[in-house]
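This note is intended for a colleague who is meeting the structure for the first time. The points below begin with a sheet and then turn to the domains.

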Amino acid sequence: MSDLSYVRTELLPEQDPPLSEVGVIGWLRANLFSGWFNSILTFVSLVLIYLLLAAILPWLWSPTWNAGSLAECREIIAELGKEHGGACYGVIRERWPQLLFGFYPDAERWRPIVTLIGLFVALAPVLFTDLFPRKMLWFSGAFLFAAPWLMWGGSIWTPVLVAAGLVIGAGAYRLLVPRVGNLAAVIAAVVAPLLWWFLFVGPVSSVLAPVIPLGLEVVESRLFGGFMLSVWIGVVSIAISLVLGVLLALGRQSDLLIVKYLSVGFIEFIRGVPLITLLFVASTLLNIFLPPGTNFDIILRVMIMATLFASAYIAEVIRGGLAALPRGQYEAADALGLDYWKAQRLIILPQALKISIPGIVSTFIGLFKDTTLVSIIGLLDPIGLTGSIRADANWNGIVWELYGFIALLFFLSCFAMSRYSMWLERKLRTDHK
Amino acid sequence: MQCTFSDGLIKKIERLDGFGTEICRISLGLKNQCETGFFLTPRVEFAQTIRMEGGPRSSYRYRQGSRIITPETGDIQEEVIMKKSVILGALTVAGVMAGAAQAATLDDVKARGSLKCGSNSGLTGFAAPNANGEWEGFDVAVCRAVAAAVLGDPQAAEFVPTTPKTRFTALASGEVDMLVRNTTWTLTRDVDLKFTFTGVNYYDGQGFMVPKALGVSSAKELDGATVCIQTGTTTELNLADYFRTNNMNYEPVPIETNAEAQQQYLAGACDVYTTDASGLAATRASFEAPSDHVILPEIISKEPLGPLVRHGDDEWGDIVRWTLNALVAAEEFGITSTNIEELAKGTDNPEINRILGTEGNMGELLGLDAEWAKRAIMAGGNYGEIFEKNIGESTPIGLARGLNAQWKDGGLQYAPPFR
């Protein structure tokens, strides 16, 4: 035997992978039919999906858009000879403005729309910090005062003067810090705007209003309704409860005894009570406790209750984030010589909030959906409106179409919130990239 | 608490609610004084503080309508209403306080320019918003008539949707001026809850609906049935009474709204649906196959449904009562929305003339103008017209007049004389 060996000097040309491993077939094999058990599961799932769609799609596909009553819908469907009936979309065509805006006057409906657009513009620099210039935050600040004015109307001077209260507070703080020290200045900065709001805003605004009569037509709370009401209660409660929640979480971690136990007491009390109880307190009990004749806006009452409720949950979510931070972070902040607020603002909270994002967002989504509970106390949110719409003799007996429409609206909103939170988590992730 | 006056008048004090708000009706003479408990503080908005001579805590505020009554003008011998509320008054933070004293509802309504009616958030034929957001229905029409009588404009009625649970608090707290929400007149509601029922706009009774397939022909055969029942209503109590007296058992399926009940019933969650017979008719009319369901012949309760107001303001109660009476009387005397202009020029029938204000001073006695009833009738027609338009036999609900016919036709609708 000679000691010969053959070594190939050139590479074989690359070949396409076998047909069974690539493309559609490959994907199917890898994901759906990778074994006999999985194949059976796939097959069973397909049958189930088919059955489901076969039941739903014919019902959904129903040319009843122009029907004026349930009876007309039934006629149209009977003419088509559908066996299992079909959706009656006429009710959506006739009532969608009501489901969206409630009884908000027709001529004024641009206001909630402008407010909603404004909300997105105002949120943009807050939510997408690197895409939009920071100067837009000024708009966000102004929007806080413009939004209630747009929704409820009235003289423009009220929101302007309320905003002026903040300026007064900041002015008082700047002015007093060098003279009386930090704590006294903080107290003054809180008390001065409160005094301004309670004692001066009303009179000053009624003096200014006739001089420069700028304003929008007043829209009363009882005209608010539909999806707009849910969004309005949801957005306001979410915004305020986040701030309150952070404060409560810090309060609970605080070394100051009174602050700590006040926070603990508040959180535990609110979390120990169902939201529906709080809503009943807002709608009926408060009426009894307040002197008769007192007219305390029902939507405002509901907003306050929803805010308190959400803030207790947010506080606990954020406390989770605070607890997850290694002790070294707190010590490092101390070592840098930062005072309490600076340490919280620059070191602790950015990290704690980042950790808490999924919890915060799911609390928000929960709160937003919980706003439908207001139908129980007689407010006409979308769910409450379904009852009113069905009380119309034309639409008595309609259920799925209305609930489906409302579900779609809520799904879109909640899904958007959820996607945003996932995007935010990815963006803020600093480890293991 | 007791109010003593120098002219020796001591008037009984009516309690408005259990939380220390008291109303006392006094005749104002000069130098009145009012002894109050040490903790009582007076509170009436929109009135100026005046000093009462000799009073221990002598800063009481009185109002009569929008007028301020002072001891100096105290020779006006009219009823004024004074309100006191306990320390709770301190709870009213500025900004929260915006309401007005309740006792003079008529003045509040006039000052506000709108009438707030507690209504059902949706009951077919009785109250529901249409596609334009305007409320329509049989109960709604009563409210519009009152608004027309008091304010001259049927559109000045505002509707505050209430649920069975929230309706009474809404009325008691002053959130609404009157409640027209298919509410049954019962002793406890009248006496214990401190409301005044001002009449009956619909005589109803509780019935049962069952699927025909169940093969039941009498409510007596319903032993062991599951029953869909709206919570917080008198129907719940009637049902329990009826089954107990007939030695039968049932399993309640509690539901919140009529719409929910329909769904539950159609889905077979309960064998029987029970509510007022008018509601059953409306519900059955909306079914795809109404003939598959039967309404059993037994009517197990009396449900006189009517408008109600708070205790303690009889003037306001009178206005609501007589507006309803005017609608019923108008039907009796053949005053309709079409011939009312003609009749208002004067007729040979003095009763018609008195109703329409061409004779007598009925409006003035009520604190309204002469044409109050004319406007009320023009708002939606007389009682019969309102009935036909909203729930009568020409509508999908198709209710017969039955008990609600005029007394001359064998019904119970009977308006006392306008005299």
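1. In this predicted model, chain B contains an open sheet of 5 strands, arranged in the order E20-E19-E21-E18-E22 with mixed pairing. As background, strands of a sheet pair through backbone hydrogen bonds, in either a parallel or an antiparallel manner.

2. Which strands stand at the edges of the sheet? They are E20 (250-255) and E22 (293-295) of chain B; each has a single partner strand, so one side of each lacks a neighbour in the sheet. On average, neighbouring strands of this sheet are turned by 30° against each other, direction ignored.

3. Helix H5 of chain B, residues 234-245, packs on the sheet. Helix H5 touches E18, E19 (225-230), E20 and E21 (272-276) of chain B, and the direction of the helix makes about 150° with that of E19(B).

4. Strand E18 of chain B, residues 206-211, runs antiparallel to E22(B), and 3 bridges join the two. Within this pairing, Met209(B) stands opposite Ile295(B) in E22(B).

5. The domain assignment divides chain B into domain 1 (2-100), domain 2 (106-202 + 305-409) and domain 3 (206-301). How far apart do the C-alpha centres of domain 2 of chain B and domain 3 of chain B lie? The separation is 30 Å.

6. To the contact between these two domains, domain 2 of chain B contributes 13 residues and domain 3 of chain B contributes 9 residues. On the side of domain 2 of chain B that touches domain 3 of chain B, there are 7 nonpolar, 5 polar and 1 charged residues.

Methods:
Residues are numbered from 1 along each chain as its sequence is written. Chains are lettered from A and ligands numbered from 1 in the order in which they are written. This is a predicted model: local features need pLDDT of at least 70, side-chain atom pairs count only at pLDDT 80 or more; totals for chains, interfaces and linings use all residues. Domain bounds come from an automatic or database domain assignment. Two residues are in contact if their C-beta atoms, placed from the backbone, lie within 7 Å. Ala, Val, Leu, Ile, Met, Phe, Trp, Tyr, Cys and Pro count as nonpolar, Asp, Glu, Lys and Arg as charged, and the others, Gly among them, as polar. Two strands pair if DSSP finds at least two bridges between them. Helices (H or I, at least four residues) and strands (E, at least two) are DSSP runs, numbered from the N terminus. Axes are lines fitted to C-alpha atoms, for helices over the stretch in contact, and angles run from 0 to 180 degrees between N-to-C directions.
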